[in-house]
Amino acid sequence: MAKLRLLFRKEGRAVYISHLDLLRTFQRVFLREGLVLRHSQGFHPHPLLSFALPLPVGQSSDCELLDFEVDGQVDCAALPENLNRFMPEGIVAVDCWEAVRPIRELDALRCRVELIYDGGVTPETAQAVQDLFARQEIVIQKRTKRKAMADVDIRPLIRSLAFAAEGDALCIDATVAAQNPGLNPALLAVAVETCLPEHAPDFVRVQRLSLMDGQEMPFR
């Protein structure tokens with residue numbers, strides 16, 4: 001019996017696969033590979049699979065983590081290539097190792113947020129967005145777990161930001177808190193739309209780049 005951790009990418013059209021559908025996808029892929037997954041106990045047993053930080057629909061990622069438990073021995077070095085034979089387009093297994101560190105030690109995530117403007121990024125827009133995130137307080141409305149809307153200051157959850165205008169996009173390289181509480185990077189765009197409606201982007205693209213622990217080292 002072993003608890004393993006799989007690193008995979010989610011990109012292209014696969015970004016529109018929901019969390020539950022992604023879970024079912026991996027169940028089918030593991031079955032086709034011949035892996036015997038451990039199941040929970042009780043009247044309705046289910047495979048022991050869990051994602052570290054479920055990715056919002058529409059976002060891409062280079063660093064998704066899936067924990068799973070198997071009966072018997074598994075060749076971790078060969079597993080990603082073997083799984084990729086059965087993966088749908090846009091889901092790519094990258095690495096696999098024994099899960100030792102608990103997920104609670106995952107502290108931050110680095111991401112790329114692209115604010116895309118049909119007419120291109122003006123100097124005024126670039127400066128206004130940078131000035132916004134230099135504020136000590138950035139309050140937006142966010143849906144709570146009880147489905148109600150509440151005012152939330154997201155500034156304490158932002159660790160670092162870097163800006164660069166690239167063609168029609170203002171790109172933000174951001175490091176944000178991952179959990180307890182965490183910040184969905186898409187809320188950076190919501191902050192611009194809320195506080196600077198005259199500089200609201202026409203489209204937003206979000207990509208997770210890496211996961212880090214409390215010492216800003218790669219989390220594995």
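1. Let's start with Gln59. In this predicted model, Gln59 has a relative accessibility of 5%, so it counts as buried, the cut-off being under 20%. You will find Gln59 in the loop that runs from strand S2 (49-51) to strand S3 (60-70).

2. What does the side chain of Gln59 make a polar contact with? Its partner is the side chain of Asn184, at 2.9 Å. Setting aside neighbours within four places in sequence, Gln59 is also in contact with Val15, Pro185, Ala186 and Val206.

3. Now have a look at two helices, H3 (residues 123-133) and H4 (residues 186-195). Their axes lie 11 Å apart, and the helices pack at an angle of about 105°. Angles of 65 to 115 degrees count as roughly perpendicular, so that is the word for H3 relative to H4. On the H3 side, the contact is made by Val129, Leu132 and Phe133; on the H4 side, by Leu188, Ala191, Val192 and Cys195. Sorted by class, this contact has seven nonpolar residues, with no polar and no charged ones.

4. The largest nonpolar core has 39 residues, and Phe133 and Leu115 touch the most other members. At least two residues of this core come from each of S3, strand S5 (108-116), H3, strand S9 (169-177), H4 and strand S10 (203-212). Beyond its neighbours within four places in sequence, Phe133 is in contact with residues including Ile138, Arg155, Phe163 and Ile172.

5. Another core, of 23 residues, lies apart from the largest one, and Phe8, Phe51, Leu66 and Leu79 are among its members.

How values were computed
Residues are numbered from 1 along each chain as its sequence is written. This is a predicted model: local features need pLDDT of at least 70, side-chain atom pairs count only at pLDDT 80 or more; totals for chains, interfaces and linings use all residues. Side-chain values use heavy atoms; hydrogens and water are left out. Helices (H or I, at least four residues) and strands (E, at least two) are DSSP runs, numbered from the N terminus. Buried means under 20% relative accessible area, exposed over 50%, partly exposed in between (1.4 Å probe, protein chains only). A polar contact is a pair of N or O atoms within 3.5 Å; within protein, one must be able to donate a hydrogen and the other to accept it, and residues adjacent in sequence count only if both atoms are side-chain atoms. Contact means heavy atoms within 4.5 Å. Axes are lines fitted to C-alpha atoms, for helices over the stretch in contact, and angles run from 0 to 180 degrees between N-to-C directions. Angles under 35 degrees count as roughly parallel, over 145 as roughly antiparallel, 65 to 115 as roughly perpendicular and the rest as oblique. Ala, Val, Leu, Ile, Met, Phe, Trp, Tyr, Cys and Pro count as nonpolar, Asp, Glu, Lys and Arg as charged, and the others, Gly among them, as polar. A nonpolar core is a set of buried Ala, Val, Leu, Ile, Met, Phe, Trp, Tyr and Cys residues joined through side-chain atoms within 4.5 Å.
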